[in-house]
Structure formats: structure tokens, C-alpha cells
Protein chains: 2
Amino acid sequence: MEAWLRTAINQGLIMITVNKPMHIFDTAIALEHGDEGQYKGQTSPNYANMVGPFGGIIGATLLNAIIQHPLRLGDPLSLTVHFSAPIADGAFSVEAKAVRTNRSTQHWYVELIQGEQVAAFATVVTALRRDTWNQLDAIFPQVTPAADIDPMPSIPSAIWTSCYEMKFISGFPGRPSSASNSSESLLWMRDQPARPLDFLSLSALCDAFFPRIFVRRPKPVPIGTVAMTTYFHADVVQLAEQGDAPVLGIARARNFRKGYFDQTGEIWSTSGNLLATTHQIVYFKE
Amino acid sequence: MEAWLRTAINQGLIMITVNKPMHIFDTAIALEHGDEGQYKGQTSPNYANMVGPFGGIIGATLLNAIIQHPLRLGDPLSLTVHFSAPIADGAFSVEAKAVRTNRSTQHWYVELIQGEQVAAFATVVTALRRDTWNQLDAIFPQVTPAADIDPMPSIPSAIWTSCYEMKFISGFPGRPSSASNSSESLLWMRDQPARPLDFLSLSALCDAFFPRIFVRRPKPVPIGTVAMTTYFHADVVQLAEQGDAPVLGIARARNFRKGYFDQTGEIWSTSGNLLATTHQIVYFKE
């Protein structure tokens with residue numbers, strides 16, 4: 001969007017009306033603008049988790065505060081979200097500030113506040129991308145195409161799962177692979193209903209992998225993501241190329257110990273571009 | 001340290017003098033206490049990089065502000081450092097605040113300020129660790145012992161390299177492996193002179209891997225870490241067991257594209273405990 005147009009919208013001089021109804025994802029991450037960097041939002045029942053909202057939608061909401069900020073330079077490069085407290089259903093406010101602006105990168109800090117407490121916060125880097133030497137070292141796995149796999153039924157107790165189409169190739173939660181005995185899952189994923197991929201939906205997809213402990217260990221225990229970091233490798237061109245086709249997700253854990261485990265994921269485009277890599281540290285009980 | 005003793009020291013009622021000279025690492029990350037969460041520090045010539053200080057020492061200094069904070073709960077679980085601007089040689093101030101304190105986790109935000117600008121900032125989770133089910137999924141590689149490998153000579157233009165003993169098994173920078181053509185390095189590493197491992201030195205070691213582009217690409221180009229995240233898997237018992245023996249480091253990149261690449265590392269104890277996993281996003285020119 002051109003700067004004058006964004007400014008005019010922010011100042012309430014122009015309102016753009018689109019006749020198509022908003023996608024449930026866009027409704028869930030919508031923010032009402034206040035003073036610069038100040039927003040109001042509310043949780044969406046569509047993306048409810050067992051307790052509070054799905055973490056991916058909270059991360060996307062915080063990223064959205066940056067995306068919509070009039071001083072933003074460039075596109076998302078990294079996003080670190082801290083889930084610092086339980087988030088209650090209902091209203092919250094968001095405060096975003098540019099901590100430092102350089103020539104081609106910008107560093108952000110953003111808080112989600114509910115009841116005068118910081119329930120979540122994030123740091124973000126946005127950056128201008130330039131053409132350079134490039135080299136993809138990660139390997140795009142050859143797997144069964146999404147069209148040939150049935151989607152997993154959604155999980156009634158985790159409503160947000162109905163907002164994603166998930167087609168498992170391996171590592172279905174609750175069925176540890178006896179062959180490899182590993183925490184790895186491969187699956188095709190996309191928004192449900194389908195929605196063209198952008199940085200916001202990509203950030204949420206990075207948290208849509210089931211916690212690795214549910215793949216690795218037969219016993220279900222309470223879990224919660226403590227903090228997660230996502231690196232965006234894709235630019236707007238690669239995102240546009242992907243459109244609303246399913247992305248390939250790979251996730252695995254390295255270590256489960258003393259109440260915490262790590263989880264690493266890759267998100268690939270249908271044509272073999274690495275769109276994002278993501279890492280999180282997760283609490284588990286017992 | 002017991003709480004009353006730390007309080008007494010912070011209030012200037014007691015000073016502890018140890019006759020042994022401080023290790024260069026401890027001198028480099030030392031902080032002078034002001035009001036609660038306020039510190040003064042300065043860069044160390046021992047850990048100078050080509051431009052400004054070695055990033056690992058900046059991250060360790062920011063973590064040290066949390067470690068020394070009187071309100072700290074538990075030990076480091078995660079550390080995300082943003083290198084938001086060049087850091088000049090000389091003095092800086094540090095400001096740390098607990099954003100949220102829960103029953104077993106605490107979320108922190110800390111800034112390094114130089115010339116009224118935020119030159120670096122970090123978010124940290126500290127946590128109490130409890131005994132739980134455990135499972136190590138990552139594989140400890142069988143490699144030549146450190147005692148049988150000659151250390152790499154330090155690099156004169158990067159003075160900090162003289163503060164680490166690095167014994168390469170594979171992936172020496174500037175010599176891309178023609179066999180695998182990969183960005184992976186395996187090496188034994190430790191502080192030089194030797195120093196017992198703790199969370200602070202472990203956090204710095206996580207940034208001591210050479211940038212993967214120097215392994216993967218013969219042409220040297222300017223680089224800079226934009227942001228990095230480390231997850232601490234070790235507890236104080238595992239750190240104490242390791243002592244000052246060399247740790248095994250493994251690092252690789254997944255993707256180099258449009259001016260940025262990612263880098264992932266693992267740090268293993270001599271006996272095969274996964275001590276930390278680390279991830280960063282790095283700028284490169286051309």
C-alpha cells in the first residue's frame with residue numbers, strides 16, 4: 001500500500017470497503033488503530049485452544065501490529081514471541097515500538113496487554129531484501145502430493161485445528177513411529193478455508209505443528225509454548241507464487257528434559273522453496 | 001549465592017575479594033550495579049571483533065544483567081539477542097526488567113544503551129527445572145577426541161578468536177568440503193584460558209561458530225548477526241560435570257538468500273549431553 005493511502009486510512013480520511021467477507025484468520029488478527037503503535041484487539045472463538053487462544057494467532061496478531069505500523073521498513077525477517085501468561089478470552093491492547101531503525105533493518109518490540117499485565121510480547125526484525133548470491137542447503141523431501149492424502153479430522157477440544165487442513169505423511173500425533181522412534185512429522189498444511197499465504201499466516205502456520213511430545217510419547221501431558229522464534233526466508237514474490245496451495249511442514253525435537261523440550265520446524269512451498277524455519281521451547285508437565 | 005548475601009553486596013555493605021585474578025571472560029561481561037536492574041559496563045579489547053565486540057560477549061553481558069538481578073527466578077532457559085546497531089568500543093549502560101513473573105518461569109527484557117541509542121537488546125526466559133520424563137532425540141556424533149586434534153590458530157583480525165580454543169573435525173572456514181559441499185562444521189571448543197562452563201560462557205560459545213557463509217562460499221563478504229536465540233538444555237549439574245573440558249559444537253545453515261542466511265548450532269558435553277541449541281539470522285552483503 002502506498003504511504004499516502006495508509007496515512008489517509010489511519011487518519012480516518014478514507015475507508016476502503018471490500019464486499020468479500022473477511023477470512024476468519026484476518027478477523028482473528030484484526031486490530032483497531034489508536035495512537036501510533038497503539039491498537040485494540042480481541043480473541044477469536046474460531047482459534048480457541050484447550051486453554052486460551054492458539055499461540056500462532058497471538059504471534060500473528062503481534063506481527064500484524066508491526067505490519068500495520070506506519071513507520072515500518074521492509075518485510076518480516078524474524079519474529080520471537082514470548083507467551084508470558086495465560087490469555088483470557090476477550091479484549092486486549094497491543095503496543096508496538098520501533099526500538100531501532102537502520103538503513104535496511106528495523107528492530108521492534110511489541111506487547112499484548114490484558115488486565116494491565118503483559119500476557120505476551122514479541123521482538124521482530126523487518127528488513128529490505130536485495131538480490132545476492134543464494135544457496136539452499138536444506139533438502140526438500142520427496143513425499144506423496146497433498147492431493148493424494150486425506151486430511152486429518154479436526155480435534156474438538158482444540159477448536160483452532162478446524163482452521164487448518166493437515167495432511168500427514170508421517171508422525172501423526174499419538175502414534176509414535178515404531179520404525180524410527182522419532183519425534184519427526186511431515187505434513188501438508190494450509191489455512192481452512194484456503195487463504196493466500198502471507199507473512200502473517202506463515203507465522204501462524206509455524207506454530208501449527210503439534211507439540212513434539214505428543215508424537216514422541218504415548219502419554220498425554222499438559223504442555224505450553226514458552227517462547228518461539230521464526231525466520232522468514234520467503235519474500236513477497238515467493239509468497240505470491242505459493243498462493244493458497246498447501247505448504248509442506250517438517251518438525252522435530254532434539255531433547256526433552258526437566259520439564260522443557262525444543263521443537264524445530266521447516267515450512268516449504270509446493271515447488272521446493274524454503275519459506276520459513278521456526279524454533280520453540282515448550283513446557284511440559286511430568 | 002544466598003539472598004541476604006546478594007542483597008548485602010548490592011547495597012555495598014559487603015565486598016568479597018578473591019585473590020585469584022578474574023578470567024578475561026568474566027572481566028569482559030562484568031557489570032557495575034546501579035539502581036535495581038540498572039548497570040554500567042564496557043567493551044573488552046580481548047573480545048574485539050573486526051568491527052565492534054564479538055556478539056557472543058554482548059549476549060553474555062545482557063544475560064549477566066539477568067543472572068545478577070535480585071528478582072531473578074530460576075536459571076536461563078532461553079535467550080534471544082538482537083544486534084540492533086554497531087557497538088562502539090567503550091562504556092555502555094544496561095537496563096533489565098522482569099516483564100512477567102510466573103510460578104516457575106520469568107520473562108525478561110534487557111537493553112544495552114550507548115549514546116542514548118539501543119545498540120542491542122535481549123529477551124530472556126529463566127525457569128525452575130523439575131525432574132520429568134526425558135528423552136534425547138538428537139544424536140551425539142562419534143568423532144576424534146579433542147586431545148588428538150591440533151587447535152586452529154587464532155585470526156589476528158578477529159581478536160576474540162584468541163579467547164577460544166577451536167579444534168576442527170570438519171567444516172573449517174575458507175575450505176568448503178568438496179565431498180559434501182555443505183555448510184556444516186564439527187569442532188571441539190572451549191574458553192582459552194580454560195574456564196569452568198556456566199550459562200554465561202555457554203551463551204557466548206553459541207555465537208562462536210564462524211558464520212556458515214565462510215564455510216559454504218569461498219568468497220569472503222561482510223556479514224553481521226541480526227538476531228540469535230539460544231535454548232539452554234543443561235542444568236547446573238550438567239554444567240558442573242562438564243567443568244572446563246572442551247564441548248563439541250555442530251553448526252549448519254539451511255538457506256542463504258537475498259542478503260540473509262540462517263544458522264543452527266548444537267553444543268554437546270564431552271559425555272554426550274545436549275547442553276544448548278542455538279539459532280541465528282545473519283546479514284550478508286552481495
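Author: Gladly! Strand β7 (residues 135-136) of chain A pairs with strand β12 (residues 255-257) of chain B in the antiparallel sense, over two bridges. Keep in mind that the model is predicted.

Reader: What makes β7 of chain A and β12 of chain B a pair?

Author: The requirement is at least two bridges between the strands, and β7 of chain A and β12 of chain B have two bridges. They therefore count as paired under that rule. Within β12(B), F256(B) is the bridge partner of Q135(A).

Reader: How do you know which residues of chain B and chain A are in contact?

Author: The test is heavy atoms within 4.5 Å. It gives 69 residues of chain B in contact with 69 residues of chain A. Chain B and chain A bury about 5900 Å² between them, with 55% of it on carbon and sulfur atoms. On the chain B side, W133(B), R254(B) and K258(B) lose the most area to chain A, together 14% of what that side buries.

Reader: Why is the meeting of R216(B) and D137(A) called a salt bridge?

Author: A side-chain nitrogen of Lys or Arg has to lie within 4 Å of a carboxyl oxygen of Asp or Glu. The side chains of R216(B) and D137(A) meet at 2.8 Å, N to O, so the pair qualifies by that cut-off. Between chain B and chain A the count is 10 salt bridges. The residues on the side of chain B that touches chain A divide into 28 nonpolar, 24 polar and 17 charged. Across this interface there are also 40 residue pairs in polar contact.

Reader: What makes R190(B) and E165(B) a salt bridge, and which parts does the pair tie together?

Author: The closest N and O atoms of R190(B) and E165(B) are 3.2 Å apart, so they meet the 4 Å limit. R190(B) lies in strand β9 (residues 185-191) of chain B and E165(B) in strand β8 (residues 164-170) of chain B, so the pair ties together parts that are 25 residues apart in sequence. Over all chains, the whole structure has 22 salt bridges.

Reader: How do you know that β4 of chain B pairs with β5 of chain B, and what do they form?

Author: Eight bridges join β4(B) to strand β5 (residues 105-114) of chain B, and the two run antiparallel. At least two bridges are needed, so these strands count as a pair. They form a hairpin with three residues between them. In β5(B), E111(B) is the bridge partner of E95(B). β4(B), residues 91-101, also pairs in the antiparallel sense with strand β2 (residues 38-42) of chain B, over five bridges. There, A91(B) is the bridge partner of Q42(B).

Reader: Why does the radius of gyration of chain A agree with a compact globule?

Author: For 286 residues, a compact globule would have a radius of gyration near 19 Å, and chain A has 19 Å, so the two agree. The C-alpha trace of chain A spans about 60 × 45 × 40 Å along its principal axes. Its secondary structure comes to six helices and 14 strands.

Reader: What is the omega of the peptide bond that joins Q192(A) and P193(A)?

Author: Omega is about 0°, and the bond is cis. P193(A) sits in the loop between β9 (185-191) and α4 (199-205) of chain A. In chain B, a cis peptide bond joins Q192(B) and P193(B), with omega about 0°.

Key
Residues are numbered from 1 along each chain as its sequence is written. Chains are lettered from A and ligands numbered from 1 in the order in which they are written. This is a predicted model: local features need pLDDT of at least 70, side-chain atom pairs count only at pLDDT 80 or more; totals for chains, interfaces and linings use all residues. Side-chain values use heavy atoms; hydrogens and water are left out. Buried area is the accessible area (1.4 Å probe) that two parts lose on being put together, summed over both. A polar contact is a pair of N or O atoms within 3.5 Å; within protein, one must be able to donate a hydrogen and the other to accept it, and residues adjacent in sequence count only if both atoms are side-chain atoms. Ala, Val, Leu, Ile, Met, Phe, Trp, Tyr, Cys and Pro count as nonpolar, Asp, Glu, Lys and Arg as charged, and the others, Gly among them, as polar. Helices (H or I, at least four residues) and strands (E, at least two) are DSSP runs, numbered from the N terminus. The radius of gyration is taken over C-alpha atoms; the globule rule is 2.2 Å times the number of residues to the power 0.38.
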